Amino acid sequence: MPIRADLRNVAIIAHVDHGKTTLVDAMLWQSGAFRENQDVENRVMDSMDLEREKGITILAKNTAVEHTMANGEKVTINIIDTPGHADFGGEVERGLEMVDGVVLLVDASEGPLPQTRFVLRKALAKKLPIIVVINKVDRADARISEVVDEVYALFMDLVDDDQADLLDFPIVYAAAKAGRASLTQPADGGMPDSENLEPLFEVLTKTIPAPTYTEGASLQAHVTNLDSSPYLGRLALCRIVQGTLRRGQQVAWIRRDGTTTTVKLSELLMTNALERLPAESAGPGDIVAIAGIPDITIGETLSDPANPLPLPLIHVDEPSISMTIGINTSPLAGRSGKKLTARLVKARLDAELVGNVSIKVLPTERPDTWEVQGRGELQLAILVEMMRREGFELTVGKPEVLTRTIDGKLQEPVERLTVDVPEEHLGTVTQLMGTRKGRMEQMINHGTGWVRLEFTIPARGLIGFRTEFLTETRGTGIMHHVFEGYEPWAGEIKTRLTGSLVADRVGSVTAYALFNLQERGILFVAPGDEVYEGMIVGENPRADDMDVNPTKEKKLTNVRSSTGDELERLVPPRVHSLEQSLEFCRGDECLEVTPAAVRMRKTVLDAHTRARTRNRAKKDV
């Protein structure tokens, strides 16, 4: 079959924070994408505000660099920068649909982690050739030889018997931040012997196969991602499998339901570094953006009107976590947000479905509330945070796991958890895992004072675990988890042993009231904050909830005190982020999310109704 020798399509996959986006930065600089004196931000591919704030990649993005090979030929390399977090695995899966090979990055100190296993498993399932890059070899705690052995062990664990050829992968040693790579292994903590990334480019052009095509075949282009332009509207990112696309061409648009419509392409764009430039035509293997089809979605096919041939739909893993999202029903609704109605919330969730193939939106018993299913807490929290910044006011329920019945038995999702902790916290973490039904699979001591523990644990045991884990390890512990599979229901798990301090009336918080309440527990509000009946204002050390009055004022009298009024010293309130608030919530609690604030509250605000429900439950027991 003929090949496009001037083109390579590759995805960069790795665990969170192993250096994917930094490596893409270096490749862009060394390919001449930027001027020498150009002011370019670090991690330039992380263009979303949330990506920069959290330091992670959320959306898969593509760029293109031009490399001149040793023989003088120029090769265009299309690079897909994918997220490393398993919650955004849908981005990885559709990114792999666009490429002919992958670069697997592994940290020279941390080695393969759960999400390394996750993204590698996806690449092996598609039988893509793999280049392993051991990154951050210049770290002071690098252990390059051991990490290479761990990578081989991971491949041996995941490769099937008929994929033995995939074990013969090239290894490149890199320091992406310095823009250097080599094929010879440096000393631990040393720099690669090459002054640039040329060895990586050479291995990439030799290992990643050039796109193949059939001469004279009908057009087939797969829609793998969506974007938008203020001038052109919705853009569909396509990988051309066969044939040629031209600007203004009439094509057959084959929808997910199998129906076909003839449409005209108003614009054709090709990526060059960080820009999309107009092009007259594109051939097999090219990754292009097309405009002119406002309703096109991911997984659909563009083909020849005379001979429309659909490509397989993109399938992603099923969701394992759900939460409810609805309109804001608190007494403070409408104070800061602009988008308050059920119609606007539903339209926004439907718009998210168009570009995010890994979530589902289902109706509930209430017409103003919907169940949103996704891969994990982080993915759903990111969606809520994006809606909050867009001006929505929402009521968000506690995350819950999605169970299924297999062979008449109830089964629940199980996660593989990897924990890195100092040795002195080993017993504490093991005890925490025991209370949450975790099973230890492996314990590795590298002799550096740190221990790596691997557990399998029910997904619901991890809801609310991160904050407790960081507290018990004094902020030193590192944890990562990835979906492992389904196992029989593990029984009851008590994830939070404390209760809540609940406001019993509407008003403004006073310093006098908080001074008396801070002995009862940890407070979440400060003087001047607005509260309402049913809002959670603190954490009660005991298991039961306690109704309190945080708006109580000091009574003024005409009797003078001999000592005068003493200064009321208040402990600063504990401020929760959106993710921490979701972790804190129990089954009868939810969040009020607005552009100005995130407040925890009871699902039922009225204290008398909650008391009757508790009493009825006690009688049933």
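The buried residues of helix H1 are covered by parts that include strands S1, S2 (61-68), S3 (74-81) and S4, along with helix H6 (198-207). Eight of the 11 residues of H1 (residues 20-30) are buried, so the rest of the structure largely encloses this helix. The model is predicted.

- The buried residues of H1 are Lys20, Thr21, Leu23, Val24, Asp25, Ala26, Met27 and Leu28.
- His15 sits in the loop between S1 and H1.
- Is His15 buried or exposed? His15 has a relative accessible area of 0%, so it is buried.
- His15 and Ala279 are 264 residues apart along the chain. Their C-alpha atoms are separated by 35 Å.

**The nonpolar cores**

- The largest nonpolar core has 37 residues. Leu104, Ile130, Val132, Ile134 and Phe155 have the most contacts inside it.
- Phe155 has contacts beyond its neighbours within four places in sequence. Its partners there are Leu104, Leu120, Leu124, Ile130, Val132, Leu166, Leu167 and Phe169.
- Another core, of 30 residues, lies apart from the largest one. Among its residues are Trp370, Leu380, Met387 and Cys585.

**Helices H4 and H5**

- H4 and H5 pack at an angle of about 50°, and their axes are 11 Å apart. That angle makes H4 oblique to H5.
- The crossing of H4 and H5 is right-handed.
- From H4, the residues in contact are Thr116, Arg117, Leu120, Arg121 and Leu124. From H5, they are Leu154, Phe155, Asp157 and Leu158.
- This contact of H4 with H5 has five nonpolar residues, one polar and three charged.
- An α-helix has 3.6 residues a turn, so residues three or four places apart point the same way.

**Helices H7 and H8**

- H7 (residues 342-355) packs against H8 (residues 377-389) at an angle of about 130°. Their axes are 12 Å apart.
- The two helices, H7 and H8, are therefore oblique to each other. Angles over 145 degrees would count as roughly antiparallel.
- H7 and H8 cross in a right-handed way.
- Val345, Arg348, Leu349 and Glu352 of H7 meet Leu383, Met386 and Met387 of H8.

**Helices H9 and H11**

- H9 (residues 426-435) and H11 (residues 465-472) pack at an angle of about 155°. Their axes are 10 Å apart.
- This angle makes H9 roughly antiparallel to H11.
- The crossing of H9 and H11 is right-handed.
- In H9, Thr428, Val429, Leu432 and Met433 take part in the contact. In H11, their partners are Phe465, Glu468, Phe469 and Glu472.
- The contact of H9 with H11 counts five nonpolar residues, one polar and two charged.

**Pro319 in its loop**

- Pro319 is in the loop between strand S17 (301-303) and strand S18 (321-327).
- Pro319 has 7% relative accessibility, so it counts as buried.
- Pro319 and Ile359 are 40 residues apart along the chain, and their C-alpha atoms are separated by 6.7 Å.
- Beyond its neighbours within four places in sequence, Pro319 is in contact with Ser358, Lys360, Gln373, Gly374, Leu402 and Tyr486.

**Two lysines with positive phi**

- Lys127 lies in the loop between H4 and S5. Its phi is positive, about 55°, although Lys127 is not a glycine.
- Lys127 has 54% relative accessibility, so it counts as exposed.
- Lys437 is in the loop between H9 and strand S25 (439-445). The phi of Lys437 is also a positive value, near 65°.
- How exposed is Lys437? With a relative accessible area of 36%, Lys437 is partly exposed.

Key: Residues are numbered from 1 along each chain as its sequence is written. This is a predicted model: local features need pLDDT of at least 70, side-chain atom pairs count only at pLDDT 80 or more; totals for chains, interfaces and linings use all residues. Side-chain values use heavy atoms; hydrogens and water are left out. A nonpolar core is a set of buried Ala, Val, Leu, Ile, Met, Phe, Trp, Tyr and Cys residues joined through side-chain atoms within 4.5 Å. Buried means under 20% relative accessible area, exposed over 50%, partly exposed in between (1.4 Å probe, protein chains only). Contact means heavy atoms within 4.5 Å. Axes are lines fitted to C-alpha atoms, for helices over the stretch in contact, and angles run from 0 to 180 degrees between N-to-C directions. Helices (H or I, at least four residues) and strands (E, at least two) are DSSP runs, numbered from the N terminus. Angles under 35 degrees count as roughly parallel, over 145 as roughly antiparallel, 65 to 115 as roughly perpendicular and the rest as oblique. A crossing is left-handed if the near helix is turned anticlockwise from the far one by less than a right angle, and right-handed if clockwise. Ala, Val, Leu, Ile, Met, Phe, Trp, Tyr, Cys and Pro count as nonpolar, Asp, Glu, Lys and Arg as charged, and the others, Gly among them, as polar.
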